[in-house]
Amino acid sequence: MRTHLARLVAVLAAVAALLAAPGTAAAEVSVPRQAAAWNPPAHLVQPLNEVWNHVESTYPNLYGFRNYGWDQLVANRGSVNYCVRWESDAPVSAALRDRVHAALKKQFGKWTAAMLDNGTGHNAWPYTTVPVNIVGWAVKNRSTLQWTDNSVDIYAGNLDGGGAPQCAPDCGRFFHQDGNYSKCPGGAARHYDQSLWLTKGFQGGAGGDWGQRVGQEYFTGALDQENIHIYLHEVGHTFGLDDFYDWTPTGQCCFLMKAGSADRITEFDKWMLRDFWRHLKSRYGY
């Protein structure tokens with residue numbers, strides 16, 4: 001009984017402190033919940049253990065790295081900002097711009113939905129919805145973008161070392177993992193956490209804490225598909241999930257993170273994601 005009262009007092013004190021903090025809105029208050037039991041299906045226990053043992057033995061800075069997708073969402077209190085790097089001379093209408101955004105929200109949302117059980121966050125996961133915002137588009141030539149409204153920031157002719165268009169590094173989390181966006185023209189609200197890098201003629205995909213890169217023709221040609229599976233695979237890497245080029249966990253043949261074996265997030269992918277959260281959530285106080 002004393003333990004329960006102590007927990008209640010601690011929670012109430014935390015809420016009071018947050019509400020009293022200058023500039024803190026009531027809607028932003030998030031009270032850590034008690035950890036739920038780790039309860040994967042019995043047939044996945046062994047392969048999940050194998051995966052985590054492999055991750056621990058092969059990732060050079062598994063627990064010290066601080067820019068996983070998890071870190072980005074928590075820093076933003078449950079949202080993610082994107083920059084689109086349009087490495088192509090194909091014109092982009094306002095309608096295509098909006099379709100890209102809609103597809104991005106739907107596809108990224110498939111991973112965050114994997115953290116929910118009947119609308120409730122699994123194992124203290126704090127966000128039931130994760131807004132996905134596009135705050136900027138980067139192109140070589142402004143004329144490629146066929147709209148005149150100011151719904152997103154536009155970066156024209158801002159090229160990286162390889163000649164690819166990029167949004168302003170001053171606004172990118174990859175470059176400012178301390179959260180200092182004081183030099184970003186639009187301030188912190190217009191920063192971007194990840195880039196959706198769409199490159200003409202690019203084959204396959206790449207992904208990490210910086211975002212995801214896929215072919216421009218592939219992504220725009222798949223906007224109406226239920227699963228844009230190469231992009232989905234690369235988002236898995238953003239959240240820290242591994243590749244499986246040279247080994248397969250016991251009893252698992254076909255899952256999204258084993259490239260080429262599945263075209264959607266499977267049960268095993270979902271539980272690998274949850275296992276990653278289980279091992280990192282304490283850094284956020286959950």
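**Contacts, salt bridges and voids in a predicted model**

Q: Which residues does Gly78 touch, leaving out those up to four places away in sequence?
A: Gly78 touches Leu73, Tyr127, Thr129, Val130 and Pro131, with residues up to four places away in sequence not counted. This is a predicted model.

Q: Where is Gly78 found?
A: Gly78 sits in the loop between H3 and E1.

Q: Is Gly78 buried or exposed?
A: Gly78 is buried, with a relative accessible area of 4%. The cut-off for buried is under 20%.

Q: How far apart are Gly78 and Thr128, in sequence and in space?
A: They are 50 residues apart in sequence, and the C-alpha to C-alpha distance between Gly78 and Thr128 is 8.8 Å.

Q: Confidence next. What does pLDDT average over the protein?
A: The average is 90, and 87% of the residues score at least 70.

Q: Where does pLDDT stay under 50?
A: Over residues 1-35. For that stretch the model has 25 contacts beyond four places in sequence.

Q: Salt bridges now. How many does the structure hold?
A: The structure holds 13 salt bridges.

Q: What does Asp71 pair with?
A: Asp71 forms a salt bridge with Arg283, and the closest N and O atoms are 2.9 Å apart.

Q: Is Asp71 buried or exposed?
A: Asp71 is buried, at a relative accessible area of 7%.

Q: And Arg85, what is its salt-bridge partner?
A: Arg85 pairs with Asp160, with 2.7 Å between the closest N and O atoms. The pair links distant parts of the chain, 75 residues apart: Arg85 is in strand E1 (residues 80-87), and Asp160 is in the loop between strand E7 (153-156) and strand E8 (194-199).

Q: How accessible are Arg85 and Asp160?
A: Arg85 is buried, with a relative accessible area of 8%. Asp160 is partly exposed, with a relative accessible area of 22%.

Q: What about Lys110 and Glu226, how do their side chains meet?
A: In a salt bridge, at 2.7 Å from N to O. Lys110 is in helix H4 (residues 94-113) and Glu226 is in the loop between helix H5 (216-221) and helix H6 (229-238), so this pair ties together parts 116 residues apart in sequence. Lys110 is partly exposed at 22% relative accessible area, and Glu226 counts as partly exposed at 46% relative accessibility.

Q: Which residues do salt bridges that share partners join into one network?
A: Arg97, Asp98 and Asp149.

Q: Let's move to pockets. Which residues line the second largest pocket?
A: Arg85, Gln166, Phe174, Phe175, Tyr192, Ser195, Trp197 and Trp210.

Q: How many cavities of 30 Å³ or more does the structure hold?
A: One. The largest cavity has a volume of about 70 Å³.

Q: What lines the largest cavity?
A: The lining is Leu48, Val51, Trp52, Val55, Tyr59, Gly240, Leu241, Asp242, Met272, Asp275 and Phe276. Helix H2 (42-58) and H7 are the elements that give two or more residues to it. H2 gives the most, with four residues.

Q: How do those residues divide by type?
A: Eight are nonpolar, one is polar and two are charged.

Q: Asp275 is in that lining. Which residues does Asp275 touch?
A: Trp38, Leu48 and Trp52, not counting residues up to four places away in sequence. Leu48 and Trp52 are also in the lining of the largest cavity. Asp275 lies in helix H7 and counts as buried, at 3% relative accessibility.

Q: Last one, Thr238. Where does it lie, and what does Thr238 touch?
A: Thr238 lies in helix H6 and is buried, with a relative accessible area of 1%. Leaving out residues up to four places away in sequence, Thr238 touches Tyr68, Gly69, Gln194, Gly208, Asp209, Gly211 and Gln212.

How values were computed
Residues are numbered from 1 along each chain as its sequence is written. This is a predicted model: local features need pLDDT of at least 70, side-chain atom pairs count only at pLDDT 80 or more; totals for chains, interfaces and linings use all residues. Side-chain values use heavy atoms; hydrogens and water are left out. On a 1 Å grid over the protein atoms alone, a cavity is a set of points where a 1.4 Å probe fits but cannot get out, and a pocket is an open set with protein on both sides within 12 Å along at least five of seven lines; lining residues have an atom within 4 Å of a point. A salt bridge is a side-chain nitrogen of Lys or Arg within 4 Å of a carboxyl oxygen of Asp or Glu. Buried means under 20% relative accessible area, exposed over 50%, partly exposed in between (1.4 Å probe, protein chains only). pLDDT is the predictor's confidence in each residue, from 0 to 100. Contact means heavy atoms within 4.5 Å. Grid points are joined across faces, edges and corners, and a volume is the space filled by probe spheres set on the points. Ala, Val, Leu, Ile, Met, Phe, Trp, Tyr, Cys and Pro count as nonpolar, Asp, Glu, Lys and Arg as charged, and the others, Gly among them, as polar.
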